[in-house]
Amino acid sequence: MSDDTIFHKIIRREIPADIVFEDEHLIAFRDIAPQAPVHVLFVPKTQIATLNDVQAGQAEIVGKLAIAAAGYAKQQGFAEDGYRIVMNCNAHGGQTVFQIHLHLLAGAPLGRFGTTF
Ligand code: 5GP
């Protein structure tokens, strides 16, 4: 178990981030390399490296990420226009930070995904 990813450092305020939401369960901040006009990462405070590591009893943690992303979309006024949430897993999924996180992408019509291989 590693609690020393860049995201844990953000949670511990050891490195700066543009934090847009936080509660006792999760934190949300803008991606440093945005892939859409809105690109926010929703990260649980519980250490979980990949989606493969989520236990049955931790379903609520993943659910809270999705609910928080939808809540942010509603609060920011783009929920009806729409958005995309993505969770990458391991090498083929393109995961680079090994603390699970949900990408929220929005702000423009998004292209199709997963078609290049
Ligand atoms: P992954 O590739 O693991 O699904 O997503 C990791 C994301 O974290 C990438 O989109 C990357 O741009 C973002 N990221 C990496 N380092 C930092 C950082 O130090 N600060 C912020 N805000 N985002 C980061």
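1. In this predicted model, a polar side-chain atom of Asn88 lies 2.8 Å from an oxygen atom of the ligand, a polar contact here being a pair of N or O atoms within 3.5 Å; within protein, one atom must be able to donate a hydrogen and the other to accept it, and residues adjacent in sequence count only if both atoms are side-chain atoms. The backbone also takes part: a backbone N or O atom of Gly94 lies 3.0 Å from an oxygen atom of the ligand, and one of Arg30 lies 2.9 Å from a ligand nitrogen atom. The ligand is surrounded by 16 residues, the closest being Arg30, Asp31, Asn88, Thr96 and His103 (a residue counts if one of its heavy atoms lies within 4 Å).

2. On conventions, residues are numbered from 1 along each chain as its sequence is written, and side-chain values use heavy atoms, with hydrogens and water left out. Because the model is predicted, local features need pLDDT of at least 70 and side-chain atom pairs count only at pLDDT 80 or more, whereas totals for chains, interfaces and linings use all residues.

3. Five strands form an open, antiparallel sheet in the order S1-S2-S3-S5-S4, where strands (E, at least two residues) and helices (H or I, at least four) are DSSP runs numbered from the N terminus, and two strands pair if DSSP finds at least two bridges between them. S1 and S4 are the edge strands, each pairing on one side only, and the twist averages 20° from one strand to the next. S3 and S5 are joined in the antiparallel sense over 5 bridges, and His103 in S5 is the bridge partner of Leu41.

4. Helix H2 packs on this sheet, touching S1, S2, S3, S4 and S5, and its direction makes about 150° with that of S3; axes are lines fitted to C-alpha atoms, for helices over the stretch in contact, with angles from 0 to 180 degrees between N-to-C directions. Ile61, Leu65, Ala68, Ala69, Ala70, Tyr72 and Ala73 of H2 are buried, that is, under 20% relative accessible area with a 1.4 Å probe, protein chains only. After H2 comes Gly77, whose phi is positive, near 90°.

5. Which residues does Leu65 contact, leaving aside its neighbours within four places in sequence? They are Leu26, Phe42, Val43, Pro44, Met87, Ile100 and Leu102, contact meaning heavy atoms within 4.5 Å. Leu65, found in helix H2, has a relative accessible area of 0%, and its C-alpha atom is separated by 9.8 Å from that of Ile85, 20 residues apart along the chain.

Terms used:
Buried < 20%, exposed > 50% of the residue type's maximum accessible area, 1.4 Å probe, protein only.
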